[in-house]
Amino acid sequence: MRKLIAEILNSEVKTEKVSIFDPVAMSGSLLLTLKEKFQSKVELYGEEFSSDLFRLLKMNMVILGIDTQTIHDNFVRGDFLKDEELDANSKFDIIPMIPPFSRHWDANPELLNDPCFSEVGVLPPKSKADYAYVLRGLQHLSEDGTMAVMLPTGALFRSATEGEIRKYLLEKQNIHAVISLPQGARNYMAIYTVLLIFKQKKSDKILFIDASRDGVKNATRLKQNFLTEEGFTKILHTYRNREEVDRYSRLVSLDEIRENDYNLNIPRYIDTFSEKKIDVEATISSLSAKQKVIEKSKKEMIELLNKLDTPEARQAIKAVSISE
C-alpha cells in the first residue's frame, strides 16, 4: 500500500520543491517510498512516538544520506495527537499517514479549545482516534497540499461524533477521494480498509473508487491480500483522470451525500452487485448426474449390509430405505 500512496500523492505535486511529513513515521518506510517516487526536490519530516522505532527511523534517514543536523531538525519523537513537539504553524505539501486503527486516546474535553477541534465542535470518541489523526493532519496541510490517510472502512459510516466530523469535513469539501481497498490490505489485519484523500482546496465532487475486489491472497500470510498489478494501475488511472467506470468508480455530488446523511459507505454510491448468468440446462444435467451417483452408492451400501446380516445392518438398511 505504501507504493500506492506514494504514486497517488506524487501525481498531485506541481512544484519543483515539496515538503513531506509523516506524522506516524514508524521506521520511515513510507517516507523512503515517497522519496523514491517523487521527481521533485524533497524535504522529509517525520514524527514517531515509539523510542525504538524512532531510533530506527533516524538510522534509516542516515542510510538515505540525510545529514545529522537535518535529521535533528526535521524528525521528532512525540505523540502526533497531542501535537506537543510540532509547531502549530508548521505546514506541509504532502502528508501520508497510516495511523494505528481505532486507537484509544485521551479525548479530554479541554481539547475543544484546541483550534484543531474547536471549529468542529466535537471530539472523536475515546475508543477511536481515527478522525483525530485526520483533523490534526489537516491542521498541518499547506494551502495547496494533499493528504492520504488509510483508515478502517468503519470510518466511512460510523455515527455519533464521527458522523458529525464527517459532516464537517464534507461541508468544507476537504474530502477529494474515497478508495476502498481489498480485505487484509494492511499487514496482519483481516479487515477492509479505505484510503481517504484530503485537500485544502475544495473539490466539486468526491471520487469514489471500489477496488475491494482487486486483491490476491498472500501465500505466506493468509490474512493479507496484495493489490493486483492490474488493480494498482486501474486505481491510479481512475484517480488521476477522475474517471467514472461502471460498477467501479463514480463522481458524487455533495447534495447526494447529504441525502445519505453524510454516510460515505461505498455501496451507497457504486452498484457493486454483479449478475451471473446461470446455464440452466447444464445445472440440471449436473444435478442429475450427481443424483445417479448417490443412487448407485445407496444400492452398493444396501448390498454390503445384506451380506453382513446383523441386527445393526438390518437397522441401517431400514434407515437408508426410509430416506429414499
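How many bridges join strand β6 to β7? Select residues 175-180 for β6, and you'll find five, with the two strands running antiparallel. Keep in mind as you click around that this is a predicted model. For one of these pairings, pick I175: its bridge partner in β7 is F198.

Click V149 here, and look across to its bridge partner in β7, L196.

Next, select β7 itself, residues 193-199. Seven of its seven residues are buried, so the strand is largely enclosed by the rest of the structure. Colour T193, L195, I197 and K199, which point one way, then V194, L196 and F198, which point the other way.

Time for the cores. Show L169 and F208: in the largest nonpolar core, which has 48 residues, these two touch the most other members. Helix α6, residues 130-139, gives this core its largest share, six residues. Then hop to a second, separate core of 40 residues, where L34, F101, F232 and Y239 are among the members.

Last stop: the surface. Select L56, M59 and I63, which form a nonpolar patch with about 290 Å² of accessible area together. I63 lies in helix α3, residues 51-63. Is I63 buried or exposed? Its relative accessible area is 66%, and exposed means over 50%, so I63 is exposed.

Key:
Residues numbered from 1 in each chain as written. Predicted model: local features only at pLDDT ≥ 70, side-chain atom pairs only at ≥ 80, totals over all residues. Heavy atoms only, no water. Patch = residues over 30% accessible without salt bridge, like charges linked within 9 Å, V, L, I, M, F, W, Y side chains within 5 Å. Areas by Shrake-Rupley, 256 points an atom, 1.4 Å probe, with all protein chains shown as cover. Salt bridge = Lys/Arg side-chain N within 4 Å of Asp/Glu carboxyl O. Helix = DSSP H or I, 4+ residues; strand = E, 2+ residues; numbered from the N terminus. Buried < 20%, exposed > 50% of the residue type's maximum accessible area, 1.4 Å probe, protein only. Core = buried A, V, L, I, M, F, W, Y, C linked by side-chain atoms within 4.5 Å. Pairing = 2+ DSSP bridges.
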